[in-house]
Amino acid sequence: MKLRPYQTEALEAVRQKLGLSRGIVAHATGLGKTVLAAAWIAEQRTRDPTARVLFLAHRDELIQQACERLGQWLEPATIGVVKAERHEIDRPILVASVQSLVRRLDRTPRMNACVIDECHHSLATTYQRILDWLGPMVPTLGL
C-alpha cells in the first residue's frame, strides 16, 4: 500500500510530534485516516516486532473497517478483535470496542501504542478509564 501525499505529510508530522505523548490527526471524512493509522501501526510493529497496539472504536462498522484496512498493511493473523462475544487478546494488534474493552481491562495485556478512532468521544468516562489504564507514556494517536 502507498499513502497519498497528504497522508505522508500527516504521518511525518505524527512521527515528529507524537513521541511519548498523545496527538490528533484531523482530516475530512473519506481522506484515509484509518489508512494513515494502519501505516503508523505498521511502523510501530517494524520498530518493535513485540509491540502490542490497540485500535479503539465505538461502533461495529468502524471495527470492521479498521480490521479491513489494518489487514492491508499487516498480516491479518496478527489482528484480534475485542467486542461482544470476541476477546482475541492473544494477538499483538487489538481492534476493540470501547464498551467491551472497558469491561475487560483486567483480562487484557498491556499495550505499547494506541489509536482512537472518532477521538472526539474520548472525553467520555469509558474512554478515560481506558486512557488511564494505558497510562501517559503510551503513544496515542487520535483520529
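Is Arg 107 buried, exposed or partly exposed?

*Solution.* Arg 107 has a relative accessible area of 48%, so it is partly exposed. The cut-offs are under 20% relative accessible area for buried, over 50% for exposed and partly exposed in between (1.4 Å probe, protein chains only).

Some ground rules before going on. This is a predicted model, where local features need pLDDT of at least 70, side-chain atom pairs count only at pLDDT 80 or more, and totals for chains, interfaces and linings use all residues. Residues are numbered from 1 along each chain as its sequence is written, and side-chain values use heavy atoms, with hydrogens and water left out.

**Exercise 1.** Work out which strands pair with β5, and where its side chains go.

*Solution.* 
- Step 1: Helices (H or I, at least four residues) and strands (E, at least two) are DSSP runs, numbered from the N terminus. Two strands pair if DSSP finds at least two bridges between them.
- Step 2: find the neighbours. Strand β2 (residues 53–57) runs parallel to β5, joined by five bridges. Strand β3 (residues 79–83) also pairs with β5 in the parallel sense, over four bridges.
- Step 3: Ala 57 sits across from Ser 97.
- Step 4: check burial. Ile 93, Val 95 and Ser 97 lie on one side of β5, Leu 94 and Ala 96 on the other, and all are buried.

**Exercise 2.** Track down the salt bridge partner of Asp 60 and compare how accessible the two residues are.

*Solution.* 
- Step 1: apply the rule, a side-chain nitrogen of Lys or Arg within 4 Å of a carboxyl oxygen of Asp or Glu. The count comes to five salt bridges.
- Step 2: Asp 60 pairs with Lys 83, with the closest N and O atoms 2.4 Å apart. That links helix α3 (residues 60–73) to strand β3, across 23 residues.
- Step 3: Asp 60 is partly exposed at 34% relative accessibility, whereas Lys 83 is buried at 16%.
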